[in-house]
Amino acid sequence: MLNVAVVRFPGSNCDFDTLRAVERAGANAFFVWHRDASLNGADAVILPGGFSYGDYLRSGAIARFSPVMQAVQRHVVDGGPVLGICNGFQILCEAHLLPGALMRNAGLAFVSKPVDVIVERADTPFTSAYPAGSRLRLPVAHGDGRFVAGEDTLRMLEAEGRVVLRYVAATESSPLQPNPNGSARHIAGISNASGTVVGIMPHPERVADSLLGPPDGHGFFTSLAAWRPRASKLNVPSR
Amino acid sequence: MSYRVHVRVMPRTGLLDPQGQAVEHALGALGFGEAGGVRIGRAIELEVAAPTRADAESRVRQMCDKLLANPVTEDYLLQVEER
């Protein structure tokens with residue numbers, strides 16, 4: 001069974017929902033504290049939503065220097081999967097594990113509502129359960145969710161197929177407005193080049209149980225539960 | 001020597017600054033229609049022990065590049081004072 005570490009920073013508040021969503025998907029989940037220097041043997045890591053360190057200075061800026069983030073950096077170098085949800089996405093950008101930055105919403109208001117997104121990259125450890133092009137309805141809840149990056153970076157993300165989720169326009173069956181925060185190119189989530197590190201603003205863990213409505217977010221966690229390290233990784237001597 | 005360093009961190013020119021826009025609208029509503037180009041950043045002050053002014057400035061630049069400013073979205077200016 002896959003071992004998944006959910007990192008808790010002071011101010012994390014989606015940690016229990018995330019832990020539960022991972023367990024429901026059939027993986028083993030446990031908490032790792034921000035002061036821990038080790039991930040306790042985790043195969044995958046999730047940085048949950050919240051307001052780590054009170055969002056002081058910039059969202060995610062202080063969390064980046066937590067001892068546990070050194071372990072996360074090593075985990076990424078080793079090819080291990082990492083998902084950052086909301087504040088976790090902000091931390092991954094501040095830690096330069098993903099490009100770009102998340103700035104104050106264009107409308108200034110904290111936005112808490114469901115949005116429609118398209119899954120554009122389905123070959124990551126977190127989205128493999130969705131057919132590419134799937135339309136999901138997921139909640140967002142953030143004040144700093146406007147994805148910003150230089151034109152060169154945006155072009156690279158598009159060219160390399162690294163946009164994982166994109167806000168989509170309303171349709172007749174969907175009264176929702178697209179792009180709740182003014183993100184560049186309606187980007188709601190991106191990945192690193194290999195797809196192992198993913199950051200998303202919406203909260204799949206809040207819609208991972210059919211008790212709470214259509215479980216559109218469950219697939220992020222079933223994708224992960226089914227993920228296995230590539231065998232080749234085990235045969236490659238460490239450099 | 002001890003130096004007091006004033007750091008001014010501003011959103012990069014050309015990036016949307018919704019806080020600045022909101023304040024500009026509020027100023028207009030208050031009758032200050034002549035105000036424009038409002039931008040909102042952050043001021044940070046700190047004391048630094050360093051052998052010379054140039055050393056103090058160099059160290060604070062490193063602090064800005066690593067933590068105080070986000071290189072993707074912000075620019076910064078330093079002002080160094082002897083204490």
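Me: What does "touches" mean for A:F147, and which residues does A:F147 touch?

Reply: In this predicted model, contact requires heavy atoms within 4.5 Å. Leaving aside residues up to four places away in sequence, A:F147 touches A:F89, A:P99, A:G100, A:A101, A:L102, A:L154, A:L157, A:S183, A:A184, A:I187 and A:I190.

Me: Which members of the largest nonpolar core touch the most other members?

Reply: The core has 71 residues, and A:L47, A:M69, A:F147, A:L165, A:F220 and A:F221 touch the most other members. Helix α2 (residues 67–77) of chain A gives the most to this core, with 5 residues.

Me: How do you know that the buried residues of helix α1 of chain A lie on the same side?

Reply: The buried residues of α1(A) (residues 15–24) are A:D15, A:T18, A:L19, A:A21 and A:V22. They are on the same side of the helix because their arc around the axis is only 165°. These buried residues pack against β1 (3–8), β2 (28–33), β3 (44–47) and α5 (218–226) of chain A. Just after α1(A), A:G26 has a positive phi of about 100°.

Me: Why is strand β10 of chain A called mostly covered?

Reply: Buried means under 20% relative accessible area, and 5 of the 5 residues of β10(A) (residues 187–191) are buried.

Me: What makes β9 and β10 of chain A a pair?

Reply: Pairing takes at least two bridges, and β9(A) (residues 163–167) and β10(A) have 3, in the antiparallel sense. The strands therefore count as paired. A:L165 has A:G189 of β10(A) as its bridge partner. A:G189 also has a bridge partner in β11(A), A:I200. β10(A) and β11(A) (residues 197–200) again pair in the antiparallel sense over 3 bridges. Their hairpin has 5 residues between the strands, and A:G195 there takes a positive phi near 85°.

Me: How many residues of chain A and chain B are in contact?

Reply: In chain A 17 residues are in contact with 16 residues of chain B. About 1,300 Å² is buried between the chains, 67% of it from carbon and sulfur atoms. On the chain A side, A:L57, A:R58 and A:L108 lose the most area, together 38% of what that side buries.

Me: Why is the meeting of B:E74 and A:R58 called a salt bridge?

Reply: The N to O distance between their side chains is 3.7 Å, and the cut-off is within 4 Å. The pair therefore qualifies. The count between chain A and chain B is 1 salt bridge.

Methods:
Residues are numbered from 1 along each chain as its sequence is written. Chains are lettered from A and ligands numbered from 1 in the order in which they are written. This is a predicted model: local features need pLDDT of at least 70, side-chain atom pairs count only at pLDDT 80 or more; totals for chains, interfaces and linings use all residues. Side-chain values use heavy atoms; hydrogens and water are left out. Buried means under 20% relative accessible area, exposed over 50%, partly exposed in between (1.4 Å probe, protein chains only). Helices (H or I, at least four residues) and strands (E, at least two) are DSSP runs, numbered from the N terminus. The arc is that of the directions from the helix axis to the C-beta atoms. A nonpolar core is a set of buried Ala, Val, Leu, Ile, Met, Phe, Trp, Tyr and Cys residues joined through side-chain atoms within 4.5 Å. Buried area is the accessible area (1.4 Å probe) that two parts lose on being put together, summed over both.
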